[in-house]
Amino acid sequence: MMLFRNLLIASTTLMTMGAVVARADDSVKQHAPQKQSANQYVIENKKSKAVVSLGDTGLPELISVSAARRPTSTDDIGTSMTIITEKQIQIQQRRSLTDILARQPGLNVVQTGGPGGTSSIFMRGNNSNEVKVRLDGMDINDGSSTNGMFDAGQFVTDGMGRIEILRGPQSGLYGADAMAGVIDITTAQGQGRFKPFVRIEGGGYGTFNQTFGARGSKGRFHYNVEFSHYRMDGFNNIPSYIERYYGANRQQRHEGNRNDNRGVNIRLGYDVTHNFDLGLTARLIQSNNHSYSLYDLQSENLYGDKGVREQNNQNEAIVRGTAHLVSFHGLFDQVLGLGYMTNRNRWTETGTSYGSPVNPDPDYYRSSRLKVDWHGTFNFKQYGQLLIGAEHFHDTFNTSHTASSMWDSGYDTSASMDTTAGYGQYQGNWNHILYGAANIRYDANSRYGNHVTWRVAPAIHVPGTGTIIKASAGSGFHGPSLYQLFANQVGVGYSEKGNPNLKAEQLIGYDAGVEQKLLHDRLNFGATWYDNRVRNLIQSSLSIDSSYDYNYSYANVAKARMYGVEAFLNWKALSNLEFNLSYTWTHARDETNDVQLQRRPQHKFNFNTTWTPIRDLTFSGNILYTSGWRDLPVIGSESCSTCAKGHGYFTIDVAANYKINRYVSVYARADNLLNRQFEDPIGYLQPGRAGYGGFMLNY
């Protein structure tokens, strides 16, 4: 562990010394015929040399920055991935991160309570807390939640320039929580002239959204600053059959959820020299979500409570600064980063029970994460690239609630943990036929011990055929959250206590597939088989003592297997017409008791088309089909997690964008065009047919 900490300290010295070298190099090369920007990299193959600018929204779609932590053609690495560009987000008019992720292969997104509600992301049948999410290099899984998962409910897509989805175990590069895969989000970088904009949008369910900002560059300074406000009011998420079961009155049937989201997204950069630059990114979120769920209806009509409503206030800040240096004529490329994230959640429930307040004092959930990281890449040209890196995390957690009655004893739990890690990766190719990367990582955690993880991802290009054979194998792990380790809530008749002896969940995963390119690369299709096996799964446990007290805790009690197929087809039929098709088949079972895992639909199909009939007019259409799944029943006395079956559904969405002139654009979209009524998860109705429209002013 001391070795990795010393490496982080030494890297700071190395960056300082390198900056001096960079200034010297800058003065020597100021009259060179070609200069490479500090935030650009060169990717070479036997056909061409492409300059890729990190964070530029014009990045080639087939270049991945996350799969190997350096720009790499997606054809040249075995990792199964999807890349979403800013242009795709804008054309489809997906305003929330949940909306755009729900349409991607290998993912199932579940959201309770409609827009702004808690969202869970399941990847390849794995649990939602086994997916690592990063924003501009900062790990943003929510340490204030009970299981440490990332909640995408309040993340809007404004300012996002690129989303990379890496499927399969990625712990060999990204450590804990990357057991199922990684979702890596990059903020768009400003370039060119000063470009301010204002976007106003309104529509169904009381939607009224405003976004304004500016991006551009001036000399060595580049910037992108965006402010947003999203509001939704009046969405009722309780299905009608549940309202009938509990005898809902007219007011309860029309009680709607309300969400108010304010955000700021910032990316700043300064090129100190041609090969040394500094960067700063920040995303601030303040949200208020008011909801009325089936459990509130149940409390009122089954247990006699009055006026029960839930409210969750969230304040989140994610900040990261970087120093990036390219030394020795491009032979050594390194990044030093410092990031901080904090979450402050306040949950309360209004209403009365037998004349007394249901929840007179709010529940508070707070967390913070400090990250220091460094990685450097040695470019040996035709002999490949060697990546080494180190990271240190300090995580804190606190949850509290003031006692309010003899049944409510209150609690106040605080805990922290430290993780120090080092990793290395070699990447290369043989005769432009065999490409691949292999990595290994060591994580030392102060709470759940040390772990070594690895990954290999080869790709074979069959000469002259357009055929690429890909495969990968790797290990992953997911550590227990601080809540699962140290929760301590004790009341009359119940208790919830963490288990400090929990072990980390562990996974071994494999996949293999083939991709084919035809018609001068205008047609691209392929399929991938994957197989993941997990042990030490952490699950909640319940024991009832001799006094009939219910005692909840957590234990490593299960193992599971997830396997399936992901297939895709992309066809650029005409220069202005494109089709994209994906299909996912998932089989996920708990091998301890041989039951299907919760909220993992077996089949998922997504079709998207984009058509630009004239230069400034673009149409987009999307069809999403999801098959049935097992879930928790919400009516009756069943307590098992898979006793109910959710019904499959499909939705059709359409969108249109028209640029009137260089200053004004108008757009409109219709979601769930056929007004399909469906739940996902069971008990939570999703929005029906709704139309939205607006305009954008820019200069």
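Tutor: D158 and R199 are both buried in this predicted model. The two residues form a salt bridge, with 3.0 Å between the closest N and O atoms. D158 sits in the loop between β9 (138-139) and β10 (160-167), while R199 belongs to strand β12; the pair is 41 residues apart and links distant parts of the chain. Side chains of opposite charge can pair when their charged atoms come close.

Strand β12 (residues 195-203) also holds E201. The partner of E201 is R95, and the closest N and O atoms of this salt bridge are 3.0 Å apart. R95 is placed in the loop between α2 (86-92) and α3 (97-101), 106 residues from E201, and this pair too links distant parts of the chain. R95 and E201 are both buried.

A further salt bridge joins R162 and E164, again with 3.0 Å between the closest N and O atoms. E164 counts as buried because its relative accessible area is 2%, and the cut-off for buried is under 20%. R162 has 5% relative accessibility, so R162 is buried as well.

In total, the structure holds 30 salt bridges. Some of them connect into a network, whose members are R69, K132, D139, K371, E391, R441 and D443.

Next, the spaces inside. There are seven cavities of 30 Å³ or more. The largest cavity contains about 870 Å³ of space. Its lining is made of 44 residues, and those nearest the centre are S96, D99, Q111, P115 and P687. Strand β6 (residues 107-111) contributes most to this lining, giving five residues. Sorted by class, the lining of the largest cavity has 18 polar, 16 nonpolar and ten charged residues.

The second largest cavity has a volume of about 400 Å³. It is lined by 31 residues, with D177, R369, D395, M417 and Y448 nearest its centre. Elements that give two or more residues to this lining are β18 (332-353), β20 (363-379), β21 (385-401), β22 (411-430) and β23 (434-445). The lining of the second largest cavity has 14 polar, nine nonpolar and eight charged residues.

V198, F212, F227, I614, Y658, I660, V666, F695 and L697 make a nonpolar patch of about 740 Å². One of them, V666, lies in strand β38 (residues 664-671). V666 counts as partly exposed because its relative accessible area is 31%, a value between the cut-offs of 20% and 50%.

Last comes the backbone. Most residues other than glycine have a negative phi, and most peptide bonds are trans. The bond between D680 and P681 is cis, with omega about 10 degrees. P681 is in the loop between β38 and β39 (690-698). N675 is partly exposed, because its relative accessibility is 31%. D136 also has a positive phi, near 50 degrees, and is not a glycine. D136 lies in the loop between β8 (131-135) and β9. With 15% relative accessibility, D136 is buried.

Notes. Residues numbered from 1 in each chain as written. Predicted model: local features only at pLDDT ≥ 70, side-chain atom pairs only at ≥ 80, totals over all residues. Heavy atoms only, no water. 1 Å grid on protein atoms, 1.4 Å probe; cavity = no way out; pocket = protein on both sides within 12 Å on 5 of 7 lines; lining within 4 Å. Points joined across faces, edges and corners; volume = space filled by probe spheres on them. Helix = DSSP H or I, 4+ residues; strand = E, 2+ residues; numbered from the N terminus. Nonpolar A, V, L, I, M, F, W, Y, C, P; charged D, E, K, R; others polar. Patch = residues over 30% accessible without salt bridge, like charges linked within 9 Å, V, L, I, M, F, W, Y side chains within 5 Å. Areas by Shrake-Rupley, 256 points an atom, 1.4 Å probe, with all protein chains shown as cover. Salt bridge = Lys/Arg side-chain N within 4 Å of Asp/Glu carboxyl O. Buried < 20%, exposed > 50% of the residue type's maximum accessible area, 1.4 Å probe, protein only.
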